[in-house]
Amino acid sequence: MRRLTSYRLALSLLILSLLPLSLLARPFVLVLSQDDIRDGSTPGDSDADSTSESPPEWDEFGDSDSKPEHELDPGSWRPIFEPDSSAPDTTEDSMLAEYYSVVQKMMWAVSGGEVRMMEEAAAEIEAAAVVGNPHAQSVLGFLSGLGQMKERNKAKAFLYHHFAAEGGNMQSKMALAYTYSRQDMYDKAVKLYAELAEVAVNSFLISKDSPVIEPVRIHNGAEENKEALRKSRGEEDEDFQILEYQAQKGNAGAMYKIGLFYYFGLRGLRRDHAKALSWFSKAVKKGEPRSMELLGEIYARGAGVERNYTKALEWLTLASKQQLYSAYNGMGYLYVKGYGVEKKNYTKAKEYFEKAADNEEAGGHYNLGVMYLKGIGVKRDVKLACKYFIVAANAGQPKAFYQLAKMFHTGVGLKKDLVMATALYKLVAERGPWSTLSRWALESYLKGDVGKALLLYSRMAELGYEIAQSNAAWILDKFGERSMCMGESGFCTDAERHQRAHSFWWQASEQGNEHAALLIGDAYYYGRGTERDYERAAEAYMHAKSQSNAQAMFNLGYMHEHGQGLPFDLHLAKRYYDQALEIDPAAKLPVTLALSSLWIRRNYADSFLVDLIDSLPGVYPKVEEWVENVLMEEGNATILTLFACLLTVLYLRERQRRHVAGVGGDVGVPPQQQFEHGAAVPR
């Protein structure tokens, strides 16, 4: 664990550590005020709200929901990682076949640490990019931005991604959108994220929310996140095996859960629509209503079966009769589109959406919002639509975030705000088909293929996924040379690896990861992978402090105590130490020692004790090694006790010497009492 030296020394000497701090970036919270909602009397509103901008048709999805994922995400690496999926046969297209062959070679190279093979793959990727293959251009942009077998050149990377995006590669559009947003070029970022978010929405379910498949954070601080990884081992997981056994014995609930896991690819399982259909079919025979609804979804989307809207309506109707109110959303959608029914019926659709909304189904609120936004079967009312979307968004409905993003983007219903629109679009876009990169990366990591996992997380990091940035950085730091990191001309040098990890941590910190901000501060403080810069270290710790990080508060106190990057100020130092303890009670030991250090520094500024305290950072590495080799391995707690007693004796001798010499008047007051009376450092 990386901490300022005095903090680390205290923890190592006494074999204690802070409890793991939260590593998750703060969730996105949408807060709207009355000022955000457009007043109908505002000049220009009549134009903004005119129906000319929004045709009275359910064009939020059009018919693009019928597209398979390989069309929604062209150039995806799915044929390599999921060859048995619905991906097309690439052998008929020589250019596409060559592209996938080269990407496969690249995967073999990073898995086996074959530098020569990686060089060949990079050269072949470049050759394909030169002749205009947009997917090869996207990969070349990735390699150039990463500095892998290519000179690290962000300008060239941007150019390659630009051409790839023009050619239809969606992942390059994600990379460009993220780049624009980091540079505050929201007018460009918002357009790309809007397109990407629409593609993501087209892959969602029609009746209920798709489960959020969050990338798994493979680390917890400096340690592996073993519990989360255990739950992601797919069919090898003991819990899954128990669940499968229960399903085989006829448990309908277990059948439904297994079907759900296979349908969406949850818990580390490969998506398998055939297995999902089989388990759902078995479950409905036992009357499981949730499986009825999913069968309706399967037939509506043609997932592993021939699309059949009539059967979809039948299954959704059966589910609704079992008081599964989200099924009403799917039924209403079919009536709006006129699928599986004689003709479109907006009145009936609205009735079904209202039933869902009346039973607190977020999808019902969302669908009603779209009807009022577009004037479908009702009088157009943008303000009412906005209210429905806000209710749905507060319940976590991703489609509602998409609609609110469009309203912020266009200024219809809400005041135009490109920053807010970009953030909301990004939130939805990150749930698009390209998010499957995280599943393949995690699967590789769990199999011990660290090189492939690093490459996949790095690709995903380029698209703006904070957890992928964090995972890639952690692999580089944790595994070092064993990470199979490849640089410009072979395996990464220490400098290249540190620089790459630093870049990933920095990006993650920008997106609210307090642990990343803490590590960035450590990198600048100790000069790891970058030049030592106390002022920038303090800035990073301040960012982590804003996330209520106790470690960062302690570090800021230390820097104020020693005047490193921050003004020498014992008052502020004590305030930060106190705040660290308030945030995390487990910090009591290091905070107590730090307060003792402050008291000694205040009352014995010229004594050898201050010199001893200031010398600890220099001797710490030796002490840390001694603690690890002697105490941790031999368990010799007696030595630790003697060391603590020695410091105490030295302190008492100094106090006695000063008392005899008649120096100072309040040398006998304990540290805590001094602070309480304000004689040392006020709170």
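How many aromatic pairs does the count come to? The count comes to 19 aromatic pairs, where the rings of Phe, Tyr and Trp (its six-membered ring) pair if their centres lie within 6.5 Å, and planes under 30 degrees apart count as stacked, over 60 as edge-to-face and the rest as tilted. The structure is a predicted model, in which local features need pLDDT of at least 70 and side-chain atom pairs count only at pLDDT 80 or more, while totals for chains, interfaces and linings use all residues. Residues are numbered from 1 along each chain as its sequence is written, and side-chain values use heavy atoms, with hydrogens and water left out.

**View A. Confidence along the chain.** The mean pLDDT (the predictor's confidence in each residue, from 0 to 100) of the protein chain is 80, and 76% of its residues reach 70 or more. Over residues 1–28 the pLDDT stays under 50, and for this stretch the model has 95 contacts (heavy atoms within 4.5 Å) beyond four places in sequence. Residues 619–628 also have pLDDT below 50, with 16 contacts in the model beyond near neighbours in sequence.

**View B. A tilted tyrosine pair.** Tyr335 and Tyr352 form a tilted aromatic pair, with 5.8 Å from centre to centre and 40° between the planes. The pair links distant parts of the chain, since Tyr335 belongs to helix H17 (residues 327–337) and Tyr352 to helix H18 (residues 346–358), 17 residues apart; helices are DSSP runs of H or I, at least four residues long, numbered from the N terminus. Tyr335, at a relative accessible area of 14%, is buried, and Tyr352, at 10%, also counts as buried, the term meaning under 20% relative accessible area (1.4 Å probe, protein chains only). Ring pairs join Tyr335 and Tyr352 with Tyr325 and Tyr328 in a cluster.

**View C. An edge-to-face pair.** Trp474 and Phe479 form an edge-to-face aromatic pair, 6.2 Å centre to centre with 85° between the planes. Trp474 is buried at a relative accessible area of 4%, and Phe479 counts as buried at 15%.

**View D. The largest nonpolar core.** A nonpolar core is a set of buried Ala, Val, Leu, Ile, Met, Phe, Trp, Tyr and Cys residues joined through side-chain atoms within 4.5 Å. Of the 187 residues in the largest one, Trp77, Met106 and Ile475 touch the most other members, and helix H10 (residues 186–202) gives the most to this core, with ten residues. Because domain 1 (219–427) and domain 2 (482–628) both give residues to the core, it lies between them; the domain bounds come from an automatic or database domain assignment. Leaving aside neighbours within four places in sequence, the contacts of Ile475 include Ile218, Tyr445, Val450 and Leu454.

**View E. Two buried glutamines.** Gln564 is placed in the loop between helix H29 (550–562) and helix H30 (570–583), and at 17% relative accessibility this glutamine counts as buried. The side chain of Gln564 makes a polar contact with the side chain of Tyr525 at 2.6 Å, a polar contact being a pair of N or O atoms within 3.5 Å; within protein, one must be able to donate a hydrogen and the other to accept it, and residues adjacent in sequence count only if both atoms are side-chain atoms. Gln137, in helix H7 (residues 134–146), counts as buried at 10% relative accessibility, and a polar atom of its side chain lies 3.5 Å from the backbone nitrogen of Ala164.

How values were computed: Buried means under 20% relative accessible area, exposed over 50%, partly exposed in between (1.4 Å probe, protein chains only).
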